[in-house]
Amino acid sequence: MADLKQRAAVFAALSDPTRLWIVDLLVLGDLSSTEIQSALGVPSNLVAHHVRVLEKAGILTRTRSEFDGRRTYLHLVQTAFDELMPGLLTLGGRVVFVCTANSARSQLAEAVWRTASSIPAISAGMRPATAVNPGAVAAAQRHGLALDPHAVPQHVDDVVGEGDFVISVCDAAHEQLHGSDDLHWSLPDPAADGSDSAFDRTVRSLRERVGALVTRVAPAA
């Protein structure tokens, strides 16, 4: 809760356009309040107010001028923005991608994950098909992904183990898992359309989502 309150304070401080402008001015160098007032064209009392808010949120610090001790310079605390995102997720097992048939979306998600992370991944389905969808195989080939065309779709109950991080990649799987998945990605079924463009959209969406997630996870020590 303390972390949430600190993050909220930083976001609140940055929500005012004038304060965000002050932060922009300080990204590359330090300025005095007078210099900030001149750049913004606003009254000194308003600058002082905004600076106090930014200081209270831990975004700015002051240093006194070594030449003119009456003057202080404002410095942007670069680390103030390091914790704006939630903390890293620690994964103790594999990443398991789940869709309905384990023939397209979850297979492609597993293949995309393997290109982006060393954390093991596998896929499964709620009602496994008899084979991987040829459209998924073709899409994997077009996008340079390693997807075994002879892989046998598996049932989720036979795959998920202790410590696995479950990501549902279709709405049906998410709703049938009744909260036992850790994340849900609402992706349309490319097999329903069947076109190359539908499968390509799925790969692009998975790459975006996987790319965002891998920056937020770490394997257990």
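Colleague: Where is His-178 found?

Modeller: His-178 is found in the loop between helix 7 (171-177) and strand 8. Helices (H or I, at least four residues) and strands (E, at least two) are DSSP runs, numbered from the N terminus. A word on the source: this is a predicted model, where local features need pLDDT of at least 70 and side-chain atom pairs pLDDT 80 or more, while totals for chains, interfaces and linings use all residues. Residues are numbered from 1 along each chain as its sequence is written, and side-chain values use heavy atoms, with hydrogens and water left out.

Colleague: Why is His-178 called exposed?

Modeller: Its relative accessibility is 69%. Exposed means over 50% relative accessible area, buried under 20%, and partly exposed in between (1.4 Å probe, protein chains only). His-178 therefore counts as exposed.

Colleague: And what makes Asn-102 count as buried?

Modeller: Asn-102 has 1% relative accessibility, so it counts as buried. Asn-102 sits in the loop between strand 5 and helix 5 (105-116).

Colleague: What is the phi of each of these two residues?

Modeller: Phi of Asn-102 is near 55 degrees, and phi of His-178 is about 50 degrees. Both values are positive, and neither residue is a glycine. Most residues other than glycine have a negative phi.

Colleague: Why is the pair of Phe-97 and Trp-185 called tilted?

Modeller: Rings of Phe, Tyr and Trp (its six-membered ring) pair if their centres lie within 6.5 Å; planes under 30 degrees apart are stacked, over 60 edge-to-face, and the rest tilted. Here the ring centres are 5.9 Å apart and the planes stand at 45 degrees, so the pair is tilted. Phe-97 is in strand 5 (residues 95-99) and Trp-185 in the loop between strand 8 (183-184) and helix 8 (190-193), so the pair ties together parts 88 residues apart in sequence.

Colleague: What makes strand 1 and strand 2 edge strands?

Modeller: The open sheet has three strands in the order 1-3-2, with antiparallel pairing. Strand 1 (31-32) and strand 2 (60-64) each pair on one side only.

Conventions
Pairing = 2+ DSSP bridges.
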